[in-house]
Structures are given as C-alpha cells and as structure tokens.
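Here is a friendly briefing on the model shown below.

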Amino acid sequence: MIFKKKINLLFFFPFLLSTSVFSQTENQSKKFDSIYYHIAVNISSANPVKAIHLADSLSLYSVNKYQKIKSLMLVADILAKQEKRGEAIVKALEVLEIAKEAKEYVLLARNYGFLATQYRMIGFLDKGKSFLNEGIKVSRLFSDKKQVVNYIAMCNQELAEFALEEKDYKKTIEYLQLAMLTFEKEENAQTKCFVMANAEEMLGRSYLFLGDVDQAISHFSKANFFINDAGAGNTIWASLIYQSLGNAFLESKNLDSAGVYLKRSLSISKDSNHGSLKQRVFRSVSEYYYQIKEIDSFTIYNSKYNTQLAKNTAEKRLMINSAYNSLNERSDKKSSNNKIYVIILMVLLSAFGFYFIRRKRSITKEEDSVEVSNKSSDFTISQKTEDYLETKLKEFEESDLFLDKNMSLPKLLGLLNINSKYFRRFLKNNKNTDYNNYIIRLRIYYIKEKLITDKEYLNYKISYLAEECGFSSHSKFSASFKSVLGVSPSEFIHNLKDDTISS
C-alpha cells in the first residue's frame with residue numbers, strides 16, 4: 001500500500017553549498033563550514049538540544065556578519081527539525097531583518113527559501129510561494145553568477161516540494177530534474193551527496209505515487225547510496241530514505257528486503273524527535289508485519305501509528321497557532337508607531353461601513369431573488385475547478401484533518417484555497433450536502449471504521465469516541481451518529497459485540 005501522507009523532512013537546506021566568495025580567509029571558511037555541517041546534519045538529528053547550544057556558540061564566536069547570520073539560521077533550522085515551526089519562523093523573520101540591513105543578499109534569499117519551506121509544511125502554500133518569489137527576486141542581486149545558478153536549483157527543488165504537496169507528480173519530477181543538473185556539478189563531494197540523496201528520494205516518492213515501483217526502487221537505492229556517502233547514514237534523512245525503500249519493497253512484495261530497510265529506519269526514528277517521521281515509519285512497519293502475518297507485532301505498531309497520528313494532529317494545530325501568534329506579535333511591533341493612522345483608518349471605515357453593509361444586503365437579496373426565480377441562470381463551476389476541488393477534498397478526507405475540533409468552514413476554505421461560493425455549490429452539486437453535514441459524515445464514518453476494524457474501540461466510553469472523532473460533546477456525537485447510521489452508538493457497539501461472539 002502506498003502511504004499517501006508525505007513526510008516533510010526535505011528542509012530547504014541551502015546553507016551547505018559553496019560559500020568561498022565571501023571575505024573570509026580560506027582556512028576560516030573551511031573550519032566554519034566543517035563545524036556548521038557537522039552540527040546541521042549529524043548532531044541536530046541525534047541531539048537537537050545540544051545542537052541548539054552549539055549553534056548559539058557558533059554565532060557567538062562568528063568572525064563576521066555572514067557567519068553570524070548563518071549561525072542564527074542554523075538555530076532556526078534546528079528548531080524546524082524538532083517541528084517547532086512557529087519558533088523557527090520567528091527566528092527566520094528576525095534574521096530576515098538582519099540580513100537586509102547587512103545587505104547579505106545570498107543569505108537573505110536563502111532565508112526567504114527557508115521561510116517558504118516552513119509555511120509550506122504547515123499548509124500555507126500561497127504564503128510559502130510568495131516567500132520563494134521574494135527570494136528569486138533577491139537572487140538577481142548576487143554578485144557571483146554561480147551562486148545564482150545554485151539558488152535557482154534549490155528553488156526548483158522547493159517548487160518540486162510544492163508540486164508534491166499538490167499531487168502533481170509529473171511536475172515534481174520536472175522540477176527535480178532541473179535542480180539535479182546543478183546539484184551534480186557541486187564541487188564539495190559531501191554536499192553533493194547530501195543534496196542528491198534528498199532529490200533522489202523525492203523522485204522515488206513521485207514514481208511510487210505514479211505506480212512505477214521499479215523506477216521508485218531505483219531512485220530510492222540511489223538515495224541510499226548518496227546519503228551514506230555523505231556521512232549521514234544514521235540521521236533522520238537516512239531513516240526517511242530507508243523507510244521509502246522499505247515501503248517500495250512492500251509494494252513489490254519483496255518482504256525480506258522490506259523488513260531489512262524498515263527495521264533500519266525504525267532503529268533511527270524511534271530515538272528522534274521527529275513526529276512525522278515516526279508516524280510514517282510506524283505505519284509502514286505495521287503494514288510489513290501485517291503482510292508477514294505477525295499479528296501481535298502488527299497490533300503494536302498499528303497502535304503506535306494511531307497514537308503518533310493523534311499527537312501529530314494536535315501538534316500541527318499548535319504549530320499553526322504559534323506561527324499565527326508570531327506573525328501577529330511581529331506585526332504589532334511594526335505597527336506600534338502607526339496607531340494614530342490606524343485609528344483614523346478605522347474612523348473612515350466606520351463612516352463608510354454602513355453604506356457598504358446596506359449595499360451588500362441589497363445585492364444579496366437580488367442574488368437570492370435570481371436564484372429562486374431562475375436556477376438555470378445561476379453561475380456554473382468550470383471543469384478545471386471541479387477537478388481541483390475533487391482532488392483537494394480527497395486529500396482532505398485522507399488527511400484526518402476533519403477530526404480537528406477547531407475545523408471550520410473558513411479554515412477549510414483556506415486549506416483548499418477556494419472561495420465559499422464555489423465550495424458550497426460544489427458540495428451541493430457533487431455530494432448533495434452542506435459543510436456541516438459533510439464534516440459530520442466524515443467523522444462518523446471514521447469512528448465507524450475504527451469500531452469495525454479495531455476491537456479495542458468497542459470497550460471505549462462513548463465520550464472517548466466523541467472526543468476521538470472531533471465532537472465537542474457526548475450528546476452531539478450520539479445525535480449525529482444516529483442521524484447518519486440510523487442507530488445510536490451504544491446500539492451499534494452492542495450489535496458488533498454480538499456479531500463477534502456469534503462468530
């Protein structure tokens with residue numbers, strides 16, 4: 001089974017490429033880059049707390065602004081590896097201002113790329129792409145044309161990540177092939193192996209999603225070769241590659257090879273702080289044990305997967321809230337000297353607000369009148385928009401984000417990047433429902449599947465089941481359950497228990 005939920009470990013890792021054009025002596029540069037690489041690739045994976053302290057020390061003893069900024073960006077990168085993306089974004093936004101003031105255009109552009117990655121990984125694709133575009137603009141100010149080429153290559157890899165998020169696997173492959181034309185020419189052997197490993201792993205995932213298992217195994221195998229040649233064979237990046245390779249062997253029913261790589265991945269991931277990696281590995285390991293019919297081990301790792309999934313879902317909400325709060329705090333600081341202008345603007349808006357509200361109501365009444373009198377004249381959704389929404393909703397349904405108690409129509413519209421008018425019409429025409437009933441049905445069918453496939457759920461309290469599938473109260477869950485399935489949760493569980501006993 002192809003695991004649809006993609007892990008996002010391929011951080012925008014731009015700081016490893018050659019930097020010899022800066023005003024440092026060659027020895028200073030080599031020593032700094034060597035320490036930097038060791039912290040970023042090896043220590044941050046095994047001991048992120050220690051890595052943070054070392055990165056802070058690297059910043060303290062930096063000999064110029066370039067090293068100072070780069071060290072601070074390393075702190076942000078380590079925070080991101082721990083999935084503390086709100087804190088990582090805050091740090092990166094601080095560094096953004098420092099890099100602008102110092103006119104360190106290369107680091108400024110790379111910082112934009114890092115922010116693009118972080119926003120992509122918390123689901124804000126449009127915001128992420130806007131930062132990437134800013135980075136491309138800044139790259140035009142680079143004095144060294146080789147560095148422009150390197151930066152564009154990394155942008156192509158990041159665009160491949162966006163395409164992968166959007167399920168456009170052919171476009172993902174195109175972007176990666178463009179990036180690798182530059183990566184293959186990297187003079188630093190260690191850096192070349194590292195970036196090529198990440199690119200090959202992404203190619204493997206793309207081909208696996210396209211159903212070409214042989215091509216996927218070929219690219220995962222190359223990634224395995226490169227990551228070990230980079231001296232990073234025991235890092236979280238290696239664990240991702242081993243898991244991907246094991247998963248591909250599961251697809252091809254080569255269970256012996258699958259077991260070797262999945263166990264290797266598990267040994268690394270279990271000691272890491274990376275929840276997304278653990279979730280993915282637990283899922284694949286449980287699938288492996290299911291296929292070799294070791295049911296006890298399957299039960300253990302399937303339980304670990306479900307526990308990690310719930311934890312990751314909760315932590316992702318916290319990450320998103322942290323990012324929002326960080327941006328709001330930053331915005332508040334910037335606007336503290338402009339309060340008078342804000343007040344004036346609010347007064348002007350209030351003065352005209354009444355007019356616009358009345359106008360809006362008038363237009364709404366006219367629209368309602370037209371819809372009632374002649375539905376055939378109402379707007380239609382293009383086939384392209386239909387296909388887009390079909391794909392996005394399928395992703396949403398597979399993501400389990402509908403289990404989030406705070407999921408709302410505005411939040412879902414933001415995730416789908418579509419306006420309310422088109423979305424409501426799509427639900428009505430294609431699913432014969434509205435938003436509230438759509439979410440309720442997803443939650444009820446989710447818990448129904450849990451009750452049928454996991455017998456432990458038959459012993460859980462109704463209040464726990466309600467909590468598990470995103471309902472705020474026992475009573476609302478029970479009423480919704482009966483409305484969707486025609487029986488109460490208690491009756492449904494009782495019937496399942498009877499069936500189990502009789503069988």
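A salt bridge here is a side-chain nitrogen of Lys or Arg within 4 Å of a carboxyl oxygen of Asp or Glu. One example joins the side chains of Glu187 and Lys146, at 3.2 Å from N to O. This is a predicted model, in which local features need pLDDT of at least 70, side-chain atom pairs count only at pLDDT 80 or more, and totals for chains, interfaces and linings use all residues. Residues are numbered from 1 along each chain as its sequence is written, and side-chain values use heavy atoms, with hydrogens and water left out.

**Overall make-up**

- The protein has 22 helices and zero strands; helices (H or I, at least four residues) and strands (E, at least two) are DSSP runs, numbered from the N terminus.
- Buried residues make up 49% of the 503 residues in the protein, where buried means under 20% relative accessible area, exposed over 50%, and partly exposed in between (1.4 Å probe, protein chains only).
- Among contacts in the protein with a separation of 6 or more, 66% come from residues 24 or more positions apart; a contact means heavy atoms within 4.5 Å.

**Nonpolar cores**

- A nonpolar core is a set of buried Ala, Val, Leu, Ile, Met, Phe, Trp, Tyr and Cys residues joined through side-chain atoms within 4.5 Å.
- In soluble globular proteins, nonpolar side chains tend to be buried together.
- The largest nonpolar core holds 88 residues, and the members touching the most others are Phe114, Leu115, Phe131, Phe142, Phe183, Ile227 and Val285.
- Helix H9 (residues 189-209) gives the most to this core, with eleven residues.
- A second, separate core has 37 residues, including Ile381, Phe402, Tyr435 and Leu451.
- Leaving aside neighbours within four places in sequence, Phe142 is in contact with Tyr105, Val106, Ala109, Gln147, Val148 and Tyr151.

**How H5 meets H7**

- Two packed helices are described by the angle between their axes and the distance between the axes.
- For helix H5 (residues 105-121) and helix H7 (residues 145-165), the axes come within 11 Å and cross at roughly 5 degrees.
- That makes H5 roughly parallel to H7.
- Axes are lines fitted to C-alpha atoms, for helices over the stretch in contact, and angles run from 0 to 180 degrees between N-to-C directions; those under 35 degrees count as roughly parallel, over 145 as roughly antiparallel, 65 to 115 as roughly perpendicular and the rest as oblique.
- On the H5 side, Val106, Ala109, Arg110, Gly113, Ala116, Thr117 and Arg120 meet Gln147, Tyr151, Met154, Glu158, Glu161, Phe162 and Glu165 of H7.
- The residues of this contact divide into six nonpolar, three polar and five charged, with Ala, Val, Leu, Ile, Met, Phe, Trp, Tyr, Cys and Pro counted as nonpolar, Asp, Glu, Lys and Arg as charged, and the others, Gly among them, as polar.

**Salt bridges**

- The count comes to twelve salt bridges.
- One of them joins the side chains of Arg120 and Glu158 at 2.8 Å, N to O.
- Arg120 lies in helix H5 and Glu158 in helix H7, so this pair ties together parts that are 38 residues apart in sequence.
- Both Arg120 and Glu158 are buried, and a network of salt bridges links Arg120, Glu158, Glu161 and Glu165.
- Back to the opening pair: Glu187 lies in the loop between helix H8 (169-183) and H9, and Lys146 in helix H7, so parts 41 residues apart in sequence are tied together.
- Glu187 is exposed, with a relative accessible area of 65%, while Lys146 counts as partly exposed at 39%.
- Glu201 and Arg205 also form a salt bridge through their side chains (3.0 Å, N to O).
- Being four residues apart in helix H9, Glu201 and Arg205 are separated by about one helical turn.
- Glu201 counts as buried at 0% relative accessibility, and Arg205 counts as buried at 2%.

**Backbone points in loops**

- Most residues other than glycine have a negative phi, and most peptide bonds are trans.
- Lys293, which is not a glycine, has a positive phi of about 65 degrees.
- Lys293 sits in the loop between helix H13 (275-291) and helix H14 (295-335), and counts as exposed at 67% relative accessibility.
- Asn432 is not a glycine either, yet has a positive phi of about 50 degrees.
- Asn432 is found in the loop between helix H18 (420-431) and helix H19 (435-453), and counts as exposed at 70% relative accessibility.
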